[in-house]
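The points are grouped by topic.

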Amino acid sequence: MQCSPVELGTMATSTHASAPLILATHLAWQDGTIKALVTSLSSRVRITVTDLGSAGPEIALHGFWTPEKDSAPDGPIARLIAEILDEKIDVAEDSEGEGKEAVRTARANSRRPFRVSVELPAPLDSGLGVRGGVLAGVAVGVDKHVGRSLGADTLTEILRDYSAEAELAMLGGTRVIDIEDGDLAAQSPVLSRRAAHWAICLVGDPLDASDVEDKLRQILSEREIPRAEHLEEMLLATAAGDVERLGALAGNDLTPAVISLLPRLRRTMKFGMDAGALTGIVCGAGTAVAFLCRDRDQALDIAASVATTGAATWTLAEQESVSGASVDEAAHG
């Protein structure tokens, strides 16, 4: 969207929010159904909601190239904003006393023009749940900016209709999940005693998830391939903070299909493992590779090492995090 400047002489009021990237450290695929162990990462999508002196809301995404549909007036972000504004007012309708004042505030604020600015730490289709992080961060930021909190449960319920990734970014932490037909059918939190460190390396242009699944079906019809197994052992290693064991158990059933569609991933995998990573896994159905590391220093070293070889176009050193989508109270302007 084309963004208009704030009128001279007005003071822009800003709300800041963020939501985590999501990494599947263990992903088992069975004919479109996924059971996975996922964890939120320290890198976060950053959202700033700012009052405008002209018509709004307006949406802008920065950091990486994004398809126009993501910031379009009829795109998912715009639809989410409209739903939150309507939901805020509907939820408050039956309130009494101070609640009536909240209704008036919500109505006034919902008509207040504002701009939503999104800073992306990774490409939308990298396999790290970035789109879900955008939606979760926008939900939290707009909800706060308009002036009356819906609460995490209501926002999570709203996000459930958009994507499994959005719901997971809202929740944060480490979780076992079941995804059926693209929806989050079940999730449960998992005890994680030690935050693991990862070097994330982006390799190429995005792949379509349906193409990856079709390729995996073809591969499975032709030969046997290693599968992500031993989830219970993975949970025990996670609870114990046993990073060496995690390295032995981490896996992604989609890996052979992604590599078949993007063969140069093999080179990236080789450089990361040669640099000392405990293991390397493809991130979801995307084109990033995650290398499990023993500590933050090694994650930084491997990210830098792979970047210098030219085997990746972008790298990050990551730490697992427990935080879901949230408002940054300290950054309010």
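In what follows, Ala, Val, Leu, Ile, Met, Phe, Trp, Tyr, Cys and Pro count as nonpolar, Asp, Glu, Lys and Arg as charged, and the others, Gly among them, as polar. On that basis, the lining of the largest cavity has 6 nonpolar, 5 polar and 2 charged residues. The model is predicted.

**Overall chain**
- The chain has 333 residues, and 53% of them are buried.
- Its secondary structure consists of 11 helices and 12 strands.
- Of the contacts between residues at least 6 apart in sequence, 75% join residues at least 24 apart.
- The accessible surface is about 15000 Å², and carbon and sulfur atoms account for 49% of that surface.

**Largest cavity**
- There is 1 cavity of 30 Å³ or more in the structure.
- The volume of the largest cavity is about 90 Å³.
- Its lining is made of 13 residues, and those nearest the centre are T25, L37, T238, L246 and E320.
- At least two lining residues come from strand 2 (33-51), and at least two from helix 7 (231-240).

**Largest pocket**
- The largest pocket has a volume of about 860 Å³.
- It is lined by 34 residues, with I34, E165, A209, G284 and A285 closest to the centre.
- The elements that each give at least two residues to this lining are strand 1 (14-30), strand 2, helix 3 (130-146), helix 5 (164-171), strand 5 (174-180) and helix 6 (209-222).
- Strand 1 provides the largest share of the pocket lining, with 4 residues.
- The pocket lining divides by class into 18 nonpolar, 9 polar and 7 charged residues.

- The buried residues in helix 7 are L231, M234, L235, A237, T238 and A239.
- Among the elements covering these buried residues are strand 1, strand 2, strand 5 and helix 8 (243-249).
- After helix 7 comes G241, which has a positive phi, near 70°.

**Aromatic pair**
- The structure contains 1 aromatic pair.
- The pair is formed by F64 and W314 in an edge-to-face arrangement, with 5.7 Å from centre to centre and 90° between the planes.
- The two residues are 250 residues apart and link distant parts of the chain: F64 is in the loop between strand 3 (58-62) and helix 1 (76-92), and W314 is in strand 11 (residues 314-321).
- F64 is partly exposed, at a relative accessible area of 23%, whereas W314 is buried, at 13%.
- The cut-off that separates these two classes is 20% relative accessible area, under which a residue counts as buried.

**T287**
- T287 is located in the loop between strand 9 (279-282) and strand 10 (288-293).
- Its relative accessible area is 1%, so T287 is buried.
- Leaving out residues up to four places away in sequence, T287 touches D125, S126, C201, L202, V203, G204, D205, P206, L207, L262 and L265.
- From T287 to P123 the C-alpha to C-alpha distance is 9.6 Å, although the two residues are 164 residues apart in sequence.

Definitions and conventions. Residues are numbered from 1 along each chain as its sequence is written. This is a predicted model: local features need pLDDT of at least 70, side-chain atom pairs count only at pLDDT 80 or more; totals for chains, interfaces and linings use all residues. Side-chain values use heavy atoms; hydrogens and water are left out. Rings of Phe, Tyr and Trp (its six-membered ring) pair if their centres lie within 6.5 Å; planes under 30 degrees apart count as stacked, over 60 as edge-to-face and the rest as tilted. Buried means under 20% relative accessible area, exposed over 50%, partly exposed in between (1.4 Å probe, protein chains only). On a 1 Å grid over the protein atoms alone, a cavity is a set of points where a 1.4 Å probe fits but cannot get out, and a pocket is an open set with protein on both sides within 12 Å along at least five of seven lines; lining residues have an atom within 4 Å of a point. Grid points are joined across faces, edges and corners, and a volume is the space filled by probe spheres set on the points. Contact means heavy atoms within 4.5 Å. Accessible areas come from the Shrake-Rupley method with a 1.4 Å probe; for residues, only the protein chains shown count as cover.
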